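Me: I'm new to this structure and would like a close look at a single part of it. Could you pick one spot, walk me through it, and then show me how it sits in the rest of the chain?

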Amino acid sequence: MRFATKVLLSAAIVSLAVAAPAASLSNDEKPAPPTDITTDFLMAISMIAVSEIGDKTFLIAALMAMRHPRLLVFTAASASLAVMTVLAGLVGHTFTSLIPQRYTQFMAGLLFLVFGYRLTLEGLEISKDAGVEGELAEVEEEIAIQDMNSSMHHSESGTIKEKKRYVDNVKLNEILLKVTAVAQHIFSPSWIQIFIMIFLGEFGDRSQISTVAMASGSDYWVVILGATIGHLVCTGVAVVGGKLLAKRISIRTITLGGAFSFFVFGIVYTYEAFHNTD
């Protein structure tokens with residue numbers, strides 16, 4: 001997904017997340033009937049698993065774990081993904097505050113079916129022996145650029161200093177610089193770098209959109225909890241041996257497996273929508 005698209009989607013997510021508490025408080029309708037908490041919890045975990053293994057954020061964590069202490073990488077990546085998961089869950093809850101749950105379940109089911117269809121087409125086009133070398137090379141290049149910018153930032157002396165650049169967008173880069181300056185008093189520069197790289201990599205990602213959809217049709221706190229645990233597990237796998245695993249897995253198998261899972265999610269949510277009276 002291109003950067004401009006991600007920025008637009010990110011802005012929409014942030015605005016909806018801010019509006020979520022107000023929409024929840026102003027909603028006087030009766031709460032939706034309780035759903036199967038265990039099912040929602042397990043579906044959230046499995047959704048993250050099929051979305052994240054071999055994904056960009058997975059590879060970032062795997063490569064950074066080769067340069068920094070694994071505990072540092074794990075805490076930074078996990079914290080970033082947890083923030084994104086809560087944000088996505090609040091957005092999904094906003095939809096249920098504004099739209100009857102039955103319709104949000106229909107939309108979530110449709111979205112999962114579309115994801116399944118697209119992943120099936122992508123998987124069938126991928127060679128059986130194809131790996132994640134292309135994605136891995138792209139992530140390695142991004143990390144190299146970040147390291148270069150960091151080296152320039154520390155080597156500059158005198159009155160003129162080169163500003164560190166996280167993204168091409170000037171305004172977004174200024175915001176990130178201010179946030180980084182404050183956070184550096186609490187966390188190490190490496191921790192901040194990993195947090196920001198994971199945060200930007202997750203914006204507009206399939207797992208984030210899927211979390212929004214799942215939270216809109218289920219108990220959103222259960223979805224947030226399940227998705228967060230799923231991210232913790234995937235991040236743990238990434239920092240322990242993610243690069244080795246990424247080189248051994250078949251991207252075709254992962255893609256088609258993810259497609260099958262999304263078809264299952266779509267059928268479940270569509271079925272629940274037909275039997276939901278709200």
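Reply:

Before going on, a word on the model: it is predicted, so local features need pLDDT of at least 70 and side-chain atom pairs count only at pLDDT 80 or more, while totals for chains, interfaces and linings use all residues. Residues are numbered from 1 along each chain as its sequence is written, and side-chain values use heavy atoms, with hydrogens and water left out.

Back to our spot. Ala 79 is part of helix H4, which covers residues 70–98; helices here are DSSP runs of H or I with at least four residues, strands are runs of E with at least two, and both are numbered from the N terminus. Leaving aside residues up to four places away in sequence, Ala 79 touches Trp 191 and Phe 195, where a contact means heavy atoms within 4.5 Å. Ile 198 is 119 residues away from Ala 79 in sequence, yet their C-alpha atoms are 9.5 Å apart in space.

The unreviewed UniProt entry annotates "transmembrane region" over several stretches, among them 71–91 and 175–200; such annotations may be inferred rather than shown by experiment, and their positions follow the numbering used here, with feature names shortened. In the model, residues 71–91 are 100% helix and 0% strand, with the end C-alpha atoms 30 Å apart.

Ser 207 counts as buried because its relative accessible area is 0%. Its side chain makes a polar contact with the side chain of Glu 52 at 2.7 Å; that term means a pair of N or O atoms within 3.5 Å, and within protein one must be able to donate a hydrogen and the other to accept it, with residues adjacent in sequence counting only if both atoms are side-chain atoms. Beyond four places in sequence, Ser 207 also touches residues including Met 47, Ile 48 and His 231.

Now zoom out. The protein chain has eleven helices and zero strands. Buried residues make up 44% of its 278 residues. Among contacts with a separation of 6 or more, 88% join residues 24 or more positions apart.

Notes
Buried means under 20% relative accessible area, exposed over 50%, partly exposed in between (1.4 Å probe, protein chains only).
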